[in-house]
Amino acid sequence: MTKGAVTMKAGIIGCGKIFPMHAVSIKKQPLVQLAAVCDSNGELAEKTGKQYGCSYYTDYQEMIAKEKLDTVHICTPHYLHAEMAIYALEHGIHVLTEKPMAIELKDAKQMEEAAEKNGRVLMVSFQNRFNPGSLLIKKTLEAGELGSILSARASVTWNRSDEYYSKSDWKGTWEKEGGGVIIDQAIHTLDLMNWFIDSEVQWVDATISSRAHKTIKVEDCAEGLIHYKSGLNASFYAMNYYTYDAPVEIELHCEKGMVNLTGEKAVIAFHDGRQLAADRNPMETFDFGNVKQYWGVGHMKEIQNFYSCLAEGKRPRNTAGEVMSTQELVCAIYKSGKEGRVIPIKCKSISTP
Ligand SMILES: NC(=O)c1ccc[n+]([C@@H]2O[C@H](COP(=O)([O-])OP(=O)(O)OC[C@H]3O[C@@H](n4cnc5c(N)ncnc54)[C@H](O)[C@@H]3O)[C@@H](O)[C@H]2O)c1
């Protein structure tokens, strides 16, 4: 794609595994230039900067001071998201941060406040909300075609090896990752289920345990019940010691039909016999370099939404307010699991504008 006159300069902090999804997606946006990258690992920063033909830094504050950036993408360990996002927002820069928004709810709220105070956008990467299957479910529920949701269940049975944890200096630690299977892997599925339900959460009753991994303290298994104001109970089960990444499952039992999301494939079976379905479009592929295929094109769509909305002065999807409910949910699951009690909460997910 040839680019027209560049109107926005982007920087990325963190050049690790998820980095190419952001870098390649930025490169595909018209009117946006990947101006700089930053990684605390100097060799990696240099190699990445040279590969993408941009400036490189080991200190994100120096990058922000020197580069006159319009946007920053945060692709660093979880404990750094809040500090980096608030710093960028206070320097007048729009932020797209990877999930989770933060480890602690109070930090996520401070991030949201910084965005509001500085009139900047803070978007959080929940790219699965952009999948065709997720959008079909959301649209059908919003149109009222399914009536109300009576109950819901979700499961995530994935595989993260001991090596996955031992090779990382932050994964598997409470301080830097903020948890295990819930905050890192199952957060996407919980976010989708919560987004579909789109109601106030009243309480969470959950257990967390560290079962199969030898070297980590955080949970590799969790289950629980989320109770919504409507009376709806949503159950979830998540673990990451299965033998492979099985397709995640969400089922919504609705007044007028059943909704099943398996992996990215949505099937809606109405009681009157009608059926709707949507899945990943096999024509929509993207070469992100040496990156796992299962991440699909969600990041590309999300980053497209971020920049096209910024260019048009509109609010992108998945901004802080829209995803705060998922942050609150994740924090309540941990609190419930650690304290062994029901955690009352009050939050409402906000639908896509
Ligand atoms: N949306 C998704 O599906 C998805 C998938 C994978 C990862 N992620 C998220 O992306 C983020 C990064 O994950 P990853 O797997 O790429 O991790 P990673 O460990 O592969 O990469 C993180 C990088 O950040 C760098 N870094 C650490 N501290 C830094 C600092 N102070 N300044 C600059 N750079 C610093 C590290 O050197 C490393 O290169 C996490 O939030 C993770 O949850 C999201």
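Visitor: Why does Asp184 count as buried?

Guide: Its relative accessibility is 7%, and buried means under 20%, so Asp184 counts as buried. This is a predicted model, so take that as a value computed from predicted coordinates.

Visitor: Where does Asp184 lie, and which residues is Asp184 in contact with?

Guide: Asp184 lies in helix H8. Leaving aside neighbours within four places in sequence, Asp184 is in contact with His78, Lys99, Tyr164, Trp170, Lys171 and Glu177.

Visitor: Which residues of H6 and H8 meet?

Guide: From H6 you get Ser134, Leu135, Ile137, Lys138 and Leu141, and they meet Leu192, Trp195 and Phe196 of H8. By class, the H6 contact with H8 has six nonpolar residues, one polar and one charged.

Visitor: What is there in the loop between H8 and strand E8 (200–209)?

Guide: Asp198 is found in that loop, and its phi is near 50°, a positive value in a residue other than glycine. Asp198 has 18% relative accessibility; the cut-off for buried is under 20%, so Asp198 counts as buried.

Visitor: And Leu31, is that one buried, partly exposed or exposed?

Guide: Leu31 is at 33% relative accessibility, so partly exposed is the call, since that label covers values between the 20% and 50% cut-offs. Leu31 lies in the loop between helix H1 (19–27) and strand E2 (32–38), with a positive phi near 70°.

Visitor: How do you know which buried residues sit on the same side of H5?

Guide: Start with the list: Ala108, Met111, Glu112, Ala114 and Ala115 are buried in H5. They cover an arc of only 155° around the axis, which puts them on the same side of H5. The face turned away from that buried side carries the exposed Lys106, Glu113, Glu116 and Lys117.

Visitor: What do the buried residues of H5 pack against?

Guide: They pack against helix H4 (81–90), strand E5 (94–98), strand E6 (122–125) and helix H10 (320–339). In the loop between E5 and H5 you'll find Pro100, and the peptide bond from Lys99 to Pro100 is cis, with omega near -10°.

Visitor: Why is H10 called largely enclosed by the rest of the structure?

Guide: Of the 20 residues of H10, 15 are buried, so the helix is largely enclosed.

Visitor: What do you set the end-to-end distance of H10 against?

Guide: At 1.5 Å a residue, H10 should span 28 Å; its end C-alpha atoms are 27 Å apart, which agrees. Just after H10 comes Gly340, with a positive phi of about 65°.

Technical notes. Residues are numbered from 1 along each chain as its sequence is written. This is a predicted model: local features need pLDDT of at least 70, side-chain atom pairs count only at pLDDT 80 or more; totals for chains, interfaces and linings use all residues. Side-chain values use heavy atoms; hydrogens and water are left out. Contact means heavy atoms within 4.5 Å. Helices (H or I, at least four residues) and strands (E, at least two) are DSSP runs, numbered from the N terminus. Ala, Val, Leu, Ile, Met, Phe, Trp, Tyr, Cys and Pro count as nonpolar, Asp, Glu, Lys and Arg as charged, and the others, Gly among them, as polar. Buried means under 20% relative accessible area, exposed over 50%, partly exposed in between (1.4 Å probe, protein chains only). The arc is that of the directions from the helix axis to the C-beta atoms. The expected span of a helix is 1.5 Å times one less than its number of residues.
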